[in-house]
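Subject: Structure for you, with notes

Hi,

Here is the structure I promised to pass on. Could you load it next to your sequence viewer, and then read the notes below?

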Amino acid sequence: MDVEKFIADMLDVDTPRDLQKEIGPSELLGCERRLWHRMNDTPRCNFGALKLPAWMGRVLHEALAKEADRQDVWGDRYLIEHAMLLDGMPCHVDWIDRPAKELGDWKTATKAKLVPSKFPGIAQRSQVHNNARIARANGIEIETVVLVGIPRDGTEDDIKVHREPYDEAVALHGLRQLERVRDAKFAPPPTEHYKFCRDYCDFYDPTEVVGCPGRRR
């Protein structure tokens with residue numbers, strides 16, 4: 001087996017979310033420069049970005065969805081990978097527990113990113129609250145949002161669970177960023193360090209001819 005080619009081919013598969021043109025809740029309160037490029041249809045210019053962490057997260061999501069189906073035989077408790085739309089903004093909710101009126105999102109990260117000072121981050125909170133806002137507008141009762149951090153380099157003892165009441169103000173905070181970037185006449189300055197952009201952003205471009213060079217300091 002050509003292991004390197006096998007793995008490269010496995011990772012080089014676009015998901016429906018990769019091809020999505022509309023801005024979703026998961027893109028709010030992250031890097032404004034990346035959001036600006038997304039909104040202005042900048043073509044992908046970084047073909048060397050790392051893909052394994054995202055693939056691991058996707059595979060874990062699929063396994064958790066199957067487990068929810070196994071535990072909810074009749075399908076009357078959970079909504080899993082539930083797609084919804086509000087005012088042109090799509091969202092795909094990892095899970096909704098209807099009797100508990102909870103909406104949750106699985107997050108995979110390293111243990112270092114799951115310490116209390118980093119998890120949950122404001123972008124993660126914005127995403128789950130906007131998902132809840134969209135769910136409520138679609139007639140689903142949500143009172144609590146949940147973020148579950150699952151470490152790629154740890155055990156079940158390292159899983160972090162964060163719950164908080166739904167707060168529309170948190171959702172609207174993310175939407176204000178979207179409006180600000182939409183109205184921007186020029187590209188915002190980079191937010192992330194160039195080494196992070198080089199490894200994880202489709203728009204990393206050290207020449208800045210098409211994309212973004214990342215922050216140098």
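Let me begin at the surface, where Met-1, Val-3, Phe-6 and Ile-7 form a nonpolar patch with about 430 Å² of accessible area together. A patch here is made of residues with over 30% relative accessible area and no salt bridge, with like charges joined within 9 Å and nonpolar side chains (Val, Leu, Ile, Met, Phe, Trp, Tyr) within 5 Å. The areas come from the Shrake-Rupley method with a 1.4 Å probe, and for residues only the protein chains shown count as cover. Ile-7 is found in helix H1, residues 3-11, and counts as partly exposed at 36% relative accessibility. The exposure classes are these: buried is under 20% relative accessible area, exposed is over 50%, and partly exposed is in between (1.4 Å probe, protein chains only).

Before going on, please note that this is a predicted model, in which local features need pLDDT of at least 70 and side-chain atom pairs count only at pLDDT 80 or more, while totals for chains, interfaces and linings use all residues. Residues are numbered from 1 along each chain as its sequence is written, and side-chain values use heavy atoms, with hydrogens and water left out.

Overall fold

The chain has six helices and five strands, and from the N terminus on its elements run α-α-α-β-β-β-α-β-β-α-α. Helices (H or I, at least four residues) and strands (E, at least two) are DSSP runs, numbered from the N terminus. With 217 residues, a compact globule would have a radius of gyration near 17 Å, and the 18 Å of the chain agrees with that. That radius is taken over C-alpha atoms, and the globule rule is 2.2 Å times the number of residues to the power 0.38. The C-alpha trace spans about 55 × 50 × 30 Å along its principal axes. Buried residues make up 39% of the 217 residues.

Aromatic side chains

There are two aromatic pairs in the structure. Rings of Phe, Tyr and Trp (its six-membered ring) pair if their centres lie within 6.5 Å; planes under 30 degrees apart count as stacked, over 60 as edge-to-face and the rest as tilted. Trp-95 and Trp-106 form a tilted pair, 6.0 Å centre to centre with 45° between the planes. Trp-95 lies in strand E2 (residues 89-97) and Trp-106 in strand E3 (residues 102-109), so this pair ties together parts that are 11 residues apart in sequence. Both Trp-95 and Trp-106 are buried.

Phe-196 and Tyr-200 have ring centres 5.2 Å apart and planes at 40°, so that pair is tilted too. They both lie in helix H6 (residues 194-200), four residues apart, about one turn of the helix. Phe-196 is partly exposed at 39% relative accessibility, and Tyr-200 is partly exposed with a relative accessible area of 39%.

Trp-74 is found in the loop between helix H3 (52-71) and strand E1 (78-86), and counts as exposed at 77% relative accessibility.

Salt bridges

How many salt bridges does the structure hold? The count is 15, where a salt bridge is a side-chain nitrogen of Lys or Arg within 4 Å of a carboxyl oxygen of Asp or Glu. In one of them, Asp-9 meets Lys-5 with the closest N and O atoms 2.7 Å apart; both lie in helix H1, four residues apart, about one turn of the helix.

Arg-33 and Glu-208 also form a salt bridge (3.2 Å, N to O). Arg-33 lies in helix H2 (residues 32-39) and Glu-208 in the segment after H6, so the pair ties together parts that are 175 residues apart in sequence. Arg-33 counts as buried at 6% relative accessibility, whereas Glu-208 is partly exposed at 42%.

The side chains of Lys-101 and Glu-141 meet in a salt bridge as well (3.2 Å, N to O). Lys-101 is in the loop between E2 and E3 and Glu-141 in the loop between helix H4 (122-137) and strand E4 (144-151), 40 residues apart. Finally, Glu-27, Arg-34 and Arg-38 are linked in a network of salt bridges.

Best wishes
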